Amino acid sequence: MSLSFIDMVNSLLKQKPDLTSDQVRDMVEEKKRKVGAGYLTDQGALFLVAADLGVSFDSAPKTQSGLKDLYVGAKDITVTGRIMNIYPVHNFTKKDSNEQSSTRTIVVFDKDAKVRVKLWDKQVVAPDEMGLQAGDLVKIIKGYVRAGLDGKPIINLGSYSALEVLQDEKDIPGIDSVTVTVDDVKETQDSAVISGLVNTNPRISEFVNQRGEPSKSLQMQVSNEAGTRTLRAVIWNVDESRIPKVFKTGTKVRLIGVRVKQGNPQYGNGDFELHGDEGTILEFSGSQQDVDVMPLRIISVGEETGRGSFLCLAVDRAGRPLTLTVDNSLASAKTLEPGTMVECVPSRIFGNAVTLAKEDSYIRVIDDDSSFPRLEKFESKIRDIVATNEPVPVVVEAIVLQAPESSDVSTKSGESVSVSSTLLGDDTGEIRLVGWRAQSPQVGRLSVGDRIRVIGATAGPGKEGKAELTLRPYSSIAHLG
């Protein structure tokens, strides 16, 4: 133990003569266990014990320390750390005075620990004025330490505090040094830096956050180089302006400042999950912010999404299938019939998912271009349809052989959904067609003997390992008479 700790114990014993040094040490160890191992030094725990006993250490010597040595109640601390995350400004009204106030959080780290730093009022503009970025080395001057909701120490910077940018120091690792790959994720942790490859189409979903405000999340799968391990990643309260408008499957991504959690088997493979928030930094290699004009041929027009848009299946000149989410203000399902050629400028392109939003997109029908593949190119005979891991759209002409069966089933998450199925046949074989949720009625309305063309269904493994067709939101069924 350091001399300063011994001096502090002696000071406490002078003020509390009914205690022994062994009792004080027992209280220190108990405090460390309650707060959590790894968050308090002996000296830090002693400050909390003294506070419980009403003892002051104002005369105790002040020492310069690293981030791991911070303790709740410390004042006028000066520490050095490297920036990992910078959060946006949060404005709020104080309950006791109804005054407007502002706060902002940054996360800093050194070789031993990672700590949140909360900036107050005038300090919230410092990161912008100083042009701070992830990886910058800063000195935190005249901060004070309070406990967060989880009991961990948080540095606070008020009107008398300051931030100072420093030249690089070898003693504090850089962002690259703390970056690990998907293969290296072996335990739960906070403020991790993970790199990998985007191996599925990312998607943006809307939700209501804890403050009751509408927000959005970015969800994707991140894998290792070999594709043998995949982790689900969700970035909550994401700012869309920080996401590249275009990035493809296989793009390299680094997530700076995410929480590694044990995954839920109901939503994935049960492996660890990566959860970020508005402070998480996303670095995509090979992405771009500008999108070009895209000519496409519409293959299938699906149903309404319920969010003011509808889905389509389209192909580019090379025959690559793309799913389009089209805002209703830009076009209608009646103008975008199967086979129609269109020209569009998307809002964003995630893999083979293309979004046409009201604010920054357009789409118009153009003259036919014979260099683009037609619907007939994608037609298959039932015997040639095989189950695949990738959702490759299929077009097939067939006759309905059985009356559809409809029922409600419970998913792994406990949700009750509608599902309908029937049997289709052509001159080469038979295959089952299934529609879930909003696609269930399309199958349920079919009758025995109907001649139909199923456009944009995908083939996957069904009962007894046989391939079966599943309707997607962009799929359609055309009656051939």
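Reader: Which residue forms a salt bridge with Asp-360?

Author: A salt bridge puts a side-chain nitrogen of Lys or Arg within 4 Å of a carboxyl oxygen of Asp or Glu. Here Asp-360 partners Lys-245, with the closest N and O atoms 4.0 Å apart. Asp-360 sits in the loop between strands S22 (353-356) and S23, and Lys-245 in the loop between S12 (230-235) and S13, so the pair ties together parts that are 115 residues apart in sequence. Strands are DSSP runs (E, at least two residues), numbered from the N terminus.

This is a predicted model: local features need pLDDT of at least 70, side-chain atom pairs count only at pLDDT 80 or more, and totals for chains, interfaces and linings use all residues. Residues are numbered from 1 along each chain as its sequence is written, and side-chain values use heavy atoms, with hydrogens and water left out.

Reader: Is Glu-343, which forms a salt bridge with Arg-364, buried or exposed?

Author: Buried means under 20% relative accessible area, exposed over 50%, partly exposed in between (1.4 Å probe, protein chains only). Glu-343 comes out buried at 19%, while Arg-364 is partly exposed at 44%. Their closest N and O atoms are 3.1 Å apart. The pair links S20 (residues 341-345) to S23, 21 residues apart.

Reader: Which strands stand at the edges of the sheet?

Author: Strands pair if DSSP finds at least two bridges between them. The open, mixed sheet runs S13-S21-S22-S19-S18-S17-S20-S23. S13 (246-247) and S23 (362-365) stand at the edges, each with a single partner strand, so one side of each is left without a neighbour in the sheet. S13 runs parallel to S21 (residues 348-350), joined by two bridges, and Val-246 stands opposite Ile-349.

Conventions. Helix = DSSP H or I, 4+ residues; strand = E, 2+ residues; numbered from the N terminus.
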